[in-house]
Amino acid sequence: LEILTKLAKFMCFAENKLNERRTEMAKPLLPDDLWNLLEPLFPADTPPGPQGGRPRVSSRQALTGILFVLKTGIPWEDLPAEMNCGSGMTCWRRLRDWQLDGTWKKIHGFLLERLEQAGKLDWSRAAIDFVGAGSFWGVDTGPNPTDRAKKGSKHHIMVDANGVPLSATVSGANVHDVNQLLPTVVGCPMPAYGEEGHLPGRLLADAAYPSRDHEALIRWIGIEPVFAQRGRAHGSGLGKQRYVVEQTIAALHQNRRLKVRYDKRSDIHQAFLTLACIKVCWYRLRKKTE
């Protein structure tokens, strides 16, 4: 009986410490300076109706819960109540709604504009690459030809010369890289993207991207393609100039929700990917302004 009593006390102590840890983890996910910057970009919170009822979870609370799921990769239903972020389903609905109304893309473009104003975007060149993500089901998945035809997705990332993520898209693992080239290049959400001075001078890519037709379209847009050719030496190789895209991909996949795709809906997974790009942009902006 004494042993059971001590065990029960230890379990209560461990649970309290775990709850404290979860609460502490929630604090740095959405610091005050970031929220003050982004709050005007979110839809206004709906006030309670005349009949009263349960107060609506605020946008900041919901965003904190979404960031926690993105970072840890936990299922929505396991979102800790101690974080005071509402239920997992509430946070999922906000993620969905903000993807549908373009909020995530607007925030990404806004932070890119702030980096541009600070002179922290290098348009001399850009780099593009992809990384695989395991999956079990859902839209924009397919048999991975390099992994025994297991289902999966690809994240296609384009960055500037400094490694700032300009665009990110999702496709099935069986989609050839070059087929996602144009959607990724034109997917940069900056309001002035495409105008003079807001296009990369060159676009670097590995040997998976060479295609005469696609290279012609990239030139027509106003970007010079510099793609590695099979069997030839490539002067702007991975370790010289293209390494920045690999660094950014590694930073994005620090978010465990992206490493393995559990989302059946492609728009939900795209929202997570865009939110991860927003996090990288914010870190770059904060680092440059400190």
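Me: Which residues make the nonpolar surface patch of about 450 Å²?
Reply: This is a predicted model, in which local features need pLDDT of at least 70 and side-chain atom pairs count only at pLDDT 80 or more, while totals for chains, interfaces and linings use all residues. Residues are numbered from 1 along each chain as its sequence is written, and side-chain values use heavy atoms, with hydrogens and water left out. A nonpolar patch joins side chains of Val, Leu, Ile, Met, Phe, Trp and Tyr within 5 Å, from residues with over 30% relative accessible area and no salt bridge (a Lys or Arg side-chain nitrogen within 4 Å of a carboxyl oxygen of Asp or Glu), the areas coming from the Shrake-Rupley method with a 1.4 Å probe. The members of this patch are Leu 4, Leu 7, Phe 10 and Met 11.

Me: Is Leu 4 buried or exposed?
Reply: Leu 4 has its place in helix H1, residues 2-29, where a helix is a DSSP run of H or I with at least four residues, numbered from the N terminus. Buried means under 20% relative accessible area and exposed over 50%, with partly exposed in between (1.4 Å probe, protein chains only). Because its relative accessibility is 58%, Leu 4 counts as exposed.

Me: Which residues have the most contacts inside the largest nonpolar core?
Reply: A nonpolar core is a set of buried Ala, Val, Leu, Ile, Met, Phe, Trp, Tyr and Cys residues joined through side-chain atoms within 4.5 Å. The largest one has 74 residues, and those with the most contacts inside it are Trp 104 and Leu 203.

Me: Which helix gives the largest share of this core?
Reply: The core draws its largest share, 12 residues, from a helix spanning residues 266-289. His 269 is also found in this helix, and His 269 counts as buried because its relative accessibility is 0%. The helix asked for is H10.

Me: How many disulfides does a search of the whole structure find?
Reply: A disulfide is a pair of cysteine sulfur atoms within 2.5 Å. The sulfur of Cys 277 is 6.7 Å from the closest cysteine sulfur, in Cys 281, and is therefore too far away for a bond. For the whole structure, the number found is zero.

Me: What separates the C-alpha atoms of Leu 252 and Ala 276?
Reply: Leu 252 lies in helix H8, residues 238-252, and counts as buried because its relative accessibility is 1%. Leaving aside neighbours within four places in sequence, Leu 252 is in contact (heavy atoms within 4.5 Å) with residues including Ala 276 and Cys 277. Although Leu 252 and Ala 276 are 24 residues apart along the chain, their C-alpha atoms are separated by 5.7 Å.

Methods: Helices (H or I, at least four residues) and strands (E, at least two) are DSSP runs, numbered from the N terminus. Patches are made of residues with over 30% relative accessible area and no salt bridge: like charges are joined within 9 Å, nonpolar side chains (Val, Leu, Ile, Met, Phe, Trp, Tyr) within 5 Å.
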